[in-house]
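Please look over the sequence and the structure before reading on.

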Amino acid sequence: MRGKLTCVGKPAVGVVVKLQDHDTFDPNDTLGCNKTREDGSYEVQGFTDEKSLIDLRLKIYTDCHDSSLWGLIKNTPCQRRITFEIPKEAINDGQTVTKWFDVGETNLDMKQPSESRACAIFERC
C-alpha cells in the first residue's frame, strides 16, 4: 500500500500506518508498519503464510483534530484510528510487492465512518 496523508492542508508527518490481517476469533496479525515521511507519504507492505483468505485492513493512527472530534482534553494518550478495508485485488502473491496499491491522498481533517479510538501505547511501529 502507498498513499499520502494531510492534516490542515499540510503533510501529516510521523503518522503510524499499519497493514493488518483482520481475524475474527484471534488477535489481528500486523503484517507491516511504517510512519509517514516529511511529505506525508507512506509505503507499507507485509507478508503472511496463512493458507486461508486474508481480510486485509489499512489502519491509520493520528492525532489530527483529535480533541475537536472526540473530547475536551487535548493531547490525550489516545488517538483516532481510521480503518480502510483493502480490496482482494490489491493483495499480491508472495513476499515481494509486484504491484503497489495506491490508496491516494487522505485528508485527516475529515471524520471517517470507520473511525474508532486507540488508547494503547502499542500503536507504534
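## The disulfide

C7 and C64 are both buried, that is, under 20% relative accessible area with a 1.4 Å probe and protein chains only. Their sulfur atoms lie 2.0 Å apart and form a disulfide, a term for a pair of cysteine sulfur atoms within 2.5 Å. The structure holds one disulfide, and the link of C7 and C64 is right-handed, with 90° about the S-S bond. Because C7 belongs to strand β1 (residues 2–7) and C64 to the loop between β6 (56–62) and α1 (66–70), the pair ties together parts that are 57 residues apart in sequence. Helices (H or I, at least four residues) and strands (E, at least two) are DSSP runs, numbered from the N terminus.

## Model and confidence

The model is predicted: local features need pLDDT of at least 70, side-chain atom pairs count only at pLDDT 80 or more, and totals for chains, interfaces and linings use all residues. Residues are numbered from 1 along each chain as its sequence is written, and side-chain values use heavy atoms, with hydrogens and water left out.

The predictor's confidence in each residue, pLDDT, runs from 0 to 100. The protein averages 83, and 82% of the residues score at least 70. Among its elements, strand β2 (residues 10–11) has the highest mean pLDDT (98) and α1 the lowest (56). Where pLDDT is low, the predicted coordinates should not be read in detail.

How values were computed: Buried < 20%, exposed > 50% of the residue type's maximum accessible area, 1.4 Å probe, protein only.
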